Amino acid sequence: MRRGRIGDRAPKVTVHNLQRAVRIDVGGLENFAAKALRRCLQLPKNKQTDLTKTREIFILFISDRRMASLHRRFLNQSGSTDVLTFQHGEIFVSAETARRQARAFGNSLVRELRLYIVHGLLHLHGLDDRSESDARRMKAVQEKILAAAS
């Protein structure tokens, strides 16, 4: 990591497990997130968002119940979701949803959690998945980063 002005260095990544339903390797996911972040920083900068301007990124694994509360409060939508990303550097991941989705798609839990981490990092970098074409582009970038950082 280069040292210098805040805008010239990569943010620090911290992972916290705030739920008890799903066993999570916090250290392993923190190492993966740091690698994935370095890959994200190699992407072209978005005009509105620049990951290097963020001092620290917090990845918080939470329960479905807490995710549903955040989903309702900030997006006015009911029910849980997999990942919520906030532009100040917070990525909330529902560990229970990740476990369900991993089973449904035949993935390991670790791969599913890594996918959600990369997805959140890409949102912080300014990528969006609201349109079909943006979602395809984001998925392709996610897969490249997952492969490179694993």
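Which residues does Ile91 touch, not counting residues up to four places away in sequence? Hi everyone, let me start there. With contact meaning heavy atoms within 4.5 Å, Ile91 touches Ile57, Phe58, Ile59, Leu60, Val83, Leu84, Thr85, Ile117, Gly120, Leu121 and Leu124.

A quick word on the source: this is a predicted model, where local features need pLDDT of at least 70, side-chain atom pairs count only at pLDDT 80 or more, and totals for chains, interfaces and linings use all residues. Residues are numbered from 1 along each chain as its sequence is written, and side-chain values use heavy atoms, leaving out hydrogens and water.

Now the core. By nonpolar core I mean buried Ala, Val, Leu, Ile, Met, Phe, Trp, Tyr and Cys residues joined through side-chain atoms within 4.5 Å; buried is under 20% relative accessible area, with a 1.4 Å probe and protein chains only. The largest one has 33 residues, and Ile91 is among those with the most contacts inside it. Helix 4 (109-124) is one of the elements giving two or more residues, and helix 4 gives the most, with 8 residues. Helices here are DSSP runs of H or I, at least four residues, and strands are runs of E, at least two, numbered from the N terminus.

On to strand 4. Strand 3 (residues 83-86) pairs with strand 4 in the antiparallel sense over 4 bridges; pairing takes at least two DSSP bridges. Val83 stands opposite Val93. The two strands form a hairpin with 3 residues between them, and Gly89 in the turn has a positive phi of about 110 degrees.

Finally, Ser94, also in strand 4, is buried, at a relative accessible area of 0%. Among its contacts are Ile62, Asp64, Met67 and Asp82. Thanks, everyone!

Key. Buried means under 20% relative accessible area, exposed over 50%, partly exposed in between (1.4 Å probe, protein chains only).
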